[in-house]
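Please look over the structure below, and then work through the questions and answers that follow it.

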Amino acid sequence: MKIYKYPASSEWAQLLARPTFDNATLFDTVRTVLNDVKTKGDEAVKAYEEKFDKVSLSSLIVSEEEIKEAEAIVSKELKEAIILAKGNIQKFHSAQAQELPCVETMPGVTCWQKAKAIEKVGLYIPGGTAPLFSTVLMLAIPAQIAGCKDIVLCTPPNREGKVHPAVLFAAKTAGVNKIFKIGGVQAIASMAYGTESVPKVYKIFGPGNQYVTAAKQMVSLKDVAIDMPAGPSEVEVLADDSANPIFVASDLLSQAEHGVDSQAILITTSESLADKVMKEVETQLEKLPRKEIAEKSVANSKIFIVKDMNEAICLSNSYAPEHLIISANNYREIAEQIDNAGSIFLGYYTPESAGDYASGTNHTLPTNGYAKAYSGVNLDSFRKKITYQEITKQGLEQIGDAIEIMASNEQLFAHQNAVILRRK
């Protein structure tokens with residue numbers, strides 16, 4: 001990890017820049033796959049599964065027999081953990097279903113709003129180096145609570161054509177309708193356009209590598225909505241000298257092990273803490289099974305030492321982290337001053353991994369600074385809101401003059417006429 005001591009605010013933007021990778025050919029590759037799946041359907045999907053995931057598939061859909069087989073394989077302890085997490089995620093997201101008010105803006109003019117579920121949603125669950133069954137829960141549970149009719153899941157199979165049993169158990173537990181053995185860009189294309197096997201959806205959710213992210217962004221231009229333009233995972237710890245360096249190091253490494261392009265940041269007011277965390281990161285890193293991945297991520301990671309907590313807060317808001325852990329004496333007071341973060345973890349005993357798995361909040365969050373404008377996935381991500389208005393004859397008299405004047409001044413005379421004729 002690189003240490004930056006008391007950087008000037010003019011240097012912040014450059015120092016906070018996320019790692020970048022050469023993507024000169026990325027969009028060309030993605031565009032080719034998208035077009036092939038759009039025109040050739042299942043045939044193209046199977047060909048790309050063979051090319052990228054090294055597996056020859058006769059059928060893309062996961063069968064009921066495979067789901068039952070997976071359920072028998074998953075350990076009792078993991079099943080219980082998944083069910084506990086499901087309960088907390090369900091409880092937290094169910095509480096977001098608030099009744100929307102009906103408002104009489106003027107006598108005889110009533111306006112209201114209703115939330116309606118998005119009928120068809122697609123969930124992408126990456127394969128890669130770790131089976132992300134927790135992401136299945138984070139996406140499928142709020143989709144089910146919202147009332148989505150079709151919940152479609154795509155995830156890459158292994159070379160034997162099998163999906164990880166924990167992913168299948170989580171999908172069944174969370175209420176997924178159909179599961180497909182499809183990974184990468186071809187999965188995004190299948191859900192965006194529809195194939196002979198995969199139904200077309202209206203919105204796609206889920207994380208992925210740079211190819212998946214690019215594919216989601218490209219299909220969102222005209223074919224389907226997406227949750228957010230998510231990128232590599234990241235964490236920031238905001239700490240004073242009261243923080244435990246062992247805990248801080250463990251939080252930084254828990255994010256670093258996600259992938260080589262992940263980033264971990266420490267912003268602190270204490271030089272002593274920074275030194276202790278550096279040593280502790282090295283010690284804990286040696287014991288990690290995913291050391292090779294975490295080591296590369298740590299190379300992209302940084303420690304900032306700043307003069308006081310006010311500067312630390314400003315620096316944090318500039319970075320806008322996906323996950324923010326506040327490990328300081330007055331953590332609640334600090335949290336009130338945070339404007340930009342995907343999810344905030346308060347105090348010494350709230351690790352980021354709690355939100356990743358079982359506390360109840362959603363772990364699908366904006367990365368790459370998008371927390372300045374985007375929310376993480378929540379119940380409303382799976383709903384759209386329709387506005388309604390009802391105007392009585394008396395109500396039209398109340399607002400008719402204003403509508404007519406505004407319409408005529410915009411030179412939209414048919415708009416004006418729609419009111420004049422009713423009033424006559």
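Buried means under 20% relative accessible area, exposed means over 50%, and partly exposed lies in between, with a 1.4 Å probe and protein chains only. The model is a predicted one, in which local features need pLDDT of at least 70 and side-chain atom pairs count only at pLDDT 80 or more, while totals for chains, interfaces and linings use all residues. Residues are numbered from 1 along each chain as its sequence is written, and side-chain values use heavy atoms, with hydrogens and water left out.

Q: Is arginine 423 buried, partly exposed or exposed?
A: Arginine 423 lies in helix H17 (residues 413-423), where helices are DSSP runs of H or I with at least four residues and strands are runs of E with at least two, numbered from the N terminus. Because its relative accessible area is 24%, arginine 423 is partly exposed.

Q: Which residues are linked with Arg423 in a network of salt bridges?
A: A salt bridge is a side-chain nitrogen of Lys or Arg within 4 Å of a carboxyl oxygen of Asp or Glu. Glutamate 397 forms one with arginine 423, with the closest N and O atoms 3.2 Å apart, and glutamate 404 forms another with arginine 423, at 2.9 Å. Glutamate 404 lies in helix H16 and arginine 423 in helix H17, so this pair ties together parts that are 19 residues apart in sequence. The residues in the network with Arg423 are Glu397, Asp401 and Glu404.

Q: How many residues apart in sequence are the parts that glutamate 71 and lysine 172 tie together?
A: The salt bridge between glutamate 71 and lysine 172 has its closest N and O atoms 3.0 Å apart. Because glutamate 71 lies in helix H4 and lysine 172 in helix H7 (residues 165-174), the parts that the pair ties together are separated in sequence by 101 residues.

Q: How many disulfides does a search of the whole structure find?
A: A disulfide is counted when a pair of cysteine sulfur atoms lies within 2.5 Å. Throughout the structure, the number of disulfides found is zero.

Q: Which cysteine has the sulfur nearest to that of cysteine 148?
A: Cysteine 148 is buried, with a relative accessible area of 8%. Cysteine 148 is in no disulfide, and at a distance of 16 Å the nearest cysteine sulfur is that of cysteine 154.
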